[in-house]
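Please keep the sequence and the structure in view while reading.

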Amino acid sequence: VFCNYLNAQQFLGKKGEVSFFSEAPMENISAINKHVNAVYDATTKELVFQLRIEDFVFPKKLMQEHFNENYLESDIFPISTFQGKIIKVLNNDSVNVEGDLNIHGRTNKVNVSGLLFKKDRSVKIKAKFPIKLEDYNIKIPKIVMYNIAEVIDISVSIKLDIIE
């Protein structure tokens, strides 16, 4: 047990980025969150992400207000999390991760392909994947249905450093 503990490689990141993009007929919507936390255990291949919904920044202040108050209800559901595991290494840097994504109080299984670069004492993770708003009980009022896409593209980028 002691030897396993010494070989455990855990990585921590506190300044990751998650952004999303919604392409719709009337307007495109994008936002970025630069305060994403993540932990990766290279031994177990487990990966955990966490972010605060209100940390998303939009180009327009009104969009940010509507996002937090009307759609994601960040006062009720302040945190989004992902808990998963690398289930397949496709080649040197490409991996397949499966886990539970929790947004707006709803949890769904997701399977995401991404990149995991391990260099010296750090790990860099990048991924891009779509989510359906209805899967997370995010309602779009009919009046703005041409402004918001039903499927949103999520991008993740984070550098994690080894925990000493």
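In which sense do strand β1 and strand β8 pair, and over how many bridges? Strand β1 (residues 10-23) and strand β8 (residues 151-162) pair in the antiparallel sense, over seven bridges. This is a predicted model, in which local features need pLDDT of at least 70 and side-chain atom pairs count only at pLDDT 80 or more, while totals for chains, interfaces and linings use all residues. Residues are numbered from 1 along each chain as its sequence is written, and side-chain values use heavy atoms, with hydrogens and water left out.

**Strand pairing**

- Helices (H or I, at least four residues) and strands (E, at least two) are DSSP runs, numbered from the N terminus; two strands pair if DSSP finds at least two bridges between them.
- In the pairing with β8, the bridge partner of L12 is D161.
- Strand β7 (residues 122-132) also runs antiparallel to β8, and eleven bridges join the two.
- For A127, the bridge partner in β8 is V156.

**Pockets**

- Rolling a probe the size of a water molecule over the atoms shows where empty space is left.
- A pocket is an open set of points on a 1 Å grid over the protein atoms alone, where a 1.4 Å probe fits, with protein on both sides within 12 Å along at least five of seven lines; lining residues have an atom within 4 Å of a point.
- Grid points are joined across faces, edges and corners, and a volume is the space filled by probe spheres set on the points.
- The largest pocket has a volume of about 860 Å³.
- Its lining consists of 49 residues, of which F20, F56, F67, I152 and I154 lie nearest the centre.
- Strand β6 (residues 106-119) gives the most to this lining, with six residues.
- The lining of the largest pocket has 39 nonpolar residues (Ala, Val, Leu, Ile, Met, Phe, Trp, Tyr, Cys and Pro), three charged (Asp, Glu, Lys and Arg) and seven polar (the others, Gly among them).
- The second largest pocket has a volume of about 330 Å³ and is lined by 13 residues, with I138, K139, I140, M145 and E150 nearest its centre.

**Positive phi angles**

- Most residues other than glycine have a negative phi.
- E73, in the loop between α2 (61-71) and β4 (79-89), has a positive phi near 45 degrees.
- H104, in the loop between β5 (94-103) and β6, has a positive phi near 55 degrees.
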